[in-house]
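Subject: Handover of a structure and notes on its contents

Dear colleague,

Please find the structure below, followed by a short account of what was found in it. I would be grateful if you would read the notes with the structure open beside them.

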Amino acid sequence: MSGKVYLVGAGPGDPELLTVKAARVLRAAEVVLHDDLVGPEVLNLVRPGAEVQSVGKRAGGSHFPQEEIHRLMIAHARAGKRVVRLKGGDPLLFGRAGEEMEALRAAGIRFEVVSGVTAGLGAAAMAGFSLTDRRMASSVLLVSGHSCKGGNAAPDWVAALQSGATLVVYMPGDHRKLAKLLVEAGVTGTIPCAVIANASLPNERAEYSVLSELMQASAVDKPNLLVIGAVVGRAAAGRSGAEARRELVSR
Ligand SMILES: C[S@@+](CC[C@H](N)C(=O)[O-])C[C@H]1O[C@@H](n2cnc3c(N)ncnc32)[C@H](O)[C@@H]1O
């Protein structure tokens with residue numbers, strides 16, 4: 001009988017943010033194929049003797065081919081193994097799970113998705129604002145910074161920000177460039193924003209600013225994401241006086 005593949009979300013970093021189900025499935029796994037952003041404390045749950053392989057971008061050079069990940073999942077499942085494909089955050093957000101589920105379906109392999117806490121939610125929890133605070137935002141857009149490649153701000157981002165939505169940019173790349181693109185596309189420079197790095201980890205940090213100031217901001221640790229919207233200003237204003245707009249928060 002063939003095995004089964006679990007596409008599991010490891011959360012934003014803090015092992016206590018793993019779901020109970022993710023922890024159970026990880027403990028029972030015979031093979032674990034994990035991304036770069038999954039920390040050692042989560043991997044410590046894997047039982048001794050299980051095969052653990054990094055298939056993240058940094059594994060084996062600059063890029064671990066996606067087809068090779070498909071091949072490994074399918075081969076291990078066909079050998080009857082319980083396979084965990086472990087991804088940072090939630091497996092279905094910006095994690096190529098769509099392609100992986102398609103490959104598994106095509107190969108006739110049983111699979112199950114185990115949801116995780118996505119980084120954007122971990123970041124909002126750490127910074128202490130609600131992404132959809134009803135007094136300021138009625139919607140939230142989760143986007144990838146990669147959609148801004150080619151030197152243009154994605155038009156739907158501009159429209160969303162102008163209509164009062166909160167924007168959460170995963171993989172934002174160079175914040176200065178991104179802020180410039182948005183301001184040039186007509187987004188007001190006074191809109192609050194925060195770059196949040198290593199959310200939920202001991203070295204987590206949030207840098208508050210407004211879009212026009214972000215154009216001159218210095219580099220921030222990775223992984224990080226950028227949150228833009230009025231809800232961010234609420235959190236910044238609630239913090240220490242003179243530094244309210246631009247401050248560092250750490251645990
Ligand atoms: C390939 S995406 C994967 C997202 C993941 N599936 C999720 O749901 O969070 C990786 C990006 O997520 C963001 N990210 C992941 N963990 C983070 C953390 N602890 N703090 C801040 N941003 C994080 C960064 O923007 C990073 O470049």
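A residue is counted as near a molecule if one of its heavy atoms lies within 4 Å of it. This is a predicted model, in which local features need pLDDT of at least 70 and side-chain atom pairs count only at pLDDT 80 or more, while totals for chains, interfaces and linings use all residues. Residues are numbered from 1 along each chain as its sequence is written, and side-chain values use heavy atoms, with hydrogens and water left out.

The ligand

The ligand is surrounded by 18 residues, and the closest are L93, T118, A119, M171 and N224. Twelve residues of this shell are nonpolar, five are polar and one is charged; here Ala, Val, Leu, Ile, Met, Phe, Trp, Tyr, Cys and Pro count as nonpolar, Asp, Glu, Lys and Arg as charged, and the others, Gly among them, as polar.

A polar backbone atom of L93 is 2.7 Å from a nitrogen atom of the ligand, and a backbone N or O atom of P12 lies 2.8 Å from a ligand nitrogen. An oxygen atom of the ligand is 2.8 Å from a polar backbone atom of D90. The protein buries 88% of the 580 Å² that the ligand exposes when taken alone; these areas come from the Shrake-Rupley method with a 1.4 Å probe.

Strand β10

Strands are DSSP runs (E, at least two residues), numbered from the N terminus. In β10 (residues 224-228), five of the five residues are buried, that is, under 20% relative accessible area (1.4 Å probe, protein chains only). Side chains in a regular strand alternate between the two faces of the sheet. In β10, N224, L226 and I228 point one way, and L225 and V227 the other.

Two strands pair if DSSP finds at least two bridges between them. β10 runs antiparallel to β7 (residues 166-170), joined by three bridges, with L167 opposite I228. β8 (residues 192-197) and β10 are also antiparallel, over five bridges, and A197 has N224 as its bridge partner.

The parallel sheet

Five strands form an open sheet with parallel pairing, in the order β3-β2-β4-β1-β5. Its edge strands, β3 (51-54) and β5 (110-114), each pair on one side only. Within this sheet, six bridges link β1 (residues 4-9) and β4 (residues 82-87) in the parallel sense, and V8 has L86 as its bridge partner in β4.

Conventions. A polar contact is a pair of N or O atoms within 3.5 Å; within protein, one must be able to donate a hydrogen and the other to accept it, and residues adjacent in sequence count only if both atoms are side-chain atoms. Buried means under 20% relative accessible area, exposed over 50%, partly exposed in between (1.4 Å probe, protein chains only). Helices (H or I, at least four residues) and strands (E, at least two) are DSSP runs, numbered from the N terminus.
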